[in-house]
Amino acid sequence: MGNKDADANFNFAIGVDATILKTKVAGYIKGGNGKTEILVLPTDVDTIQTLSFSEITQAVAHQFNIDEDEMKSKITGIKDIFSEFDPDKLTFQLNQIYFYYKKEEPATTGGEASVTTEYAFSIKINLGGLLNLADIVSIDSLYLAIWNINEESVLKRFNMADLSALRPQKG
């Protein structure tokens, strides 16, 4: 015979270790007692790896059974537009990936669920001379970061300048 109270306390947890752009991450889902939580974060916070364009094309070609040389020849056609472009110098660096979601069902019928969502994502793309206009203007790297959290331990991995620290101080 089943215990009716035991069914009300059903809990579960699922975890996964993965690698995204050479960055080790862990993901967790936990649920029970009217609450669900999801967390994704890097596991080696002191190491930021770089993934080259060549490594990405090799992986894509292998995964989808595409001729790697044919794929590279189409991509390197960019050289017609940007003469300095060398795809082997193009690299990608995942500086931060963080996601937290929590939903708690209301304690009473008819109440509203409480939902918390936090995220942070930062990537750096080293352009390898792609945008170099006759030594007048050169863009060496691009950064993209999005976040809605102000936790310093998460934001320090963004690897971007703190604008307030760079501004001249008013005396």
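This is a predicted model: local features need pLDDT of at least 70, side-chain atom pairs count only at pLDDT 80 or more; totals for chains, interfaces and linings use all residues.
The structure holds 3 salt bridges. Another is formed by the side chains of lysine 102 and glutamate 104 at 3.4 Å, N to O; lysine 102 is partly exposed at 22%, as is glutamate 104 at 31%. Lysine 103 and glutamate 105 also meet in a salt bridge, at 3.9 Å from N to O. Here lysine 103 has a relative accessibility of 30% and glutamate 105 one of 44%.

## Helix H2

Helix H2 comprises 12 residues, 53-64, and spans 16 Å from its first C-alpha to its last, close to the expected 16 Å. Its buried residues are Phe53, Ser54, Thr57 and Ala61. These residues lie on the same side of H2 because they cover an arc of only 100° around the axis. His62 and Gln63, on the other side of H2, are exposed. Just after the helix, asparagine 65 adopts a positive phi of about 55°.

## Nonpolar core

The largest nonpolar core consists of 7 residues: Tyr98, Tyr100, Ala120, Ala145, Ile149, Val154 and Phe158. Beyond its neighbours within four places in sequence, alanine 120 is in contact with Gln96, Ile97, Tyr98, Ile146, Trp147, Ile149, Val154 and Phe158.

Definitions and conventions:
Residues are numbered from 1 along each chain as its sequence is written. Side-chain values use heavy atoms; hydrogens and water are left out. A nonpolar core is a set of buried Ala, Val, Leu, Ile, Met, Phe, Trp, Tyr and Cys residues joined through side-chain atoms within 4.5 Å. Buried means under 20% relative accessible area, exposed over 50%, partly exposed in between (1.4 Å probe, protein chains only). Contact means heavy atoms within 4.5 Å. Helices (H or I, at least four residues) and strands (E, at least two) are DSSP runs, numbered from the N terminus. The expected span of a helix is 1.5 Å times one less than its number of residues. The arc is that of the directions from the helix axis to the C-beta atoms. A salt bridge is a side-chain nitrogen of Lys or Arg within 4 Å of a carboxyl oxygen of Asp or Glu.
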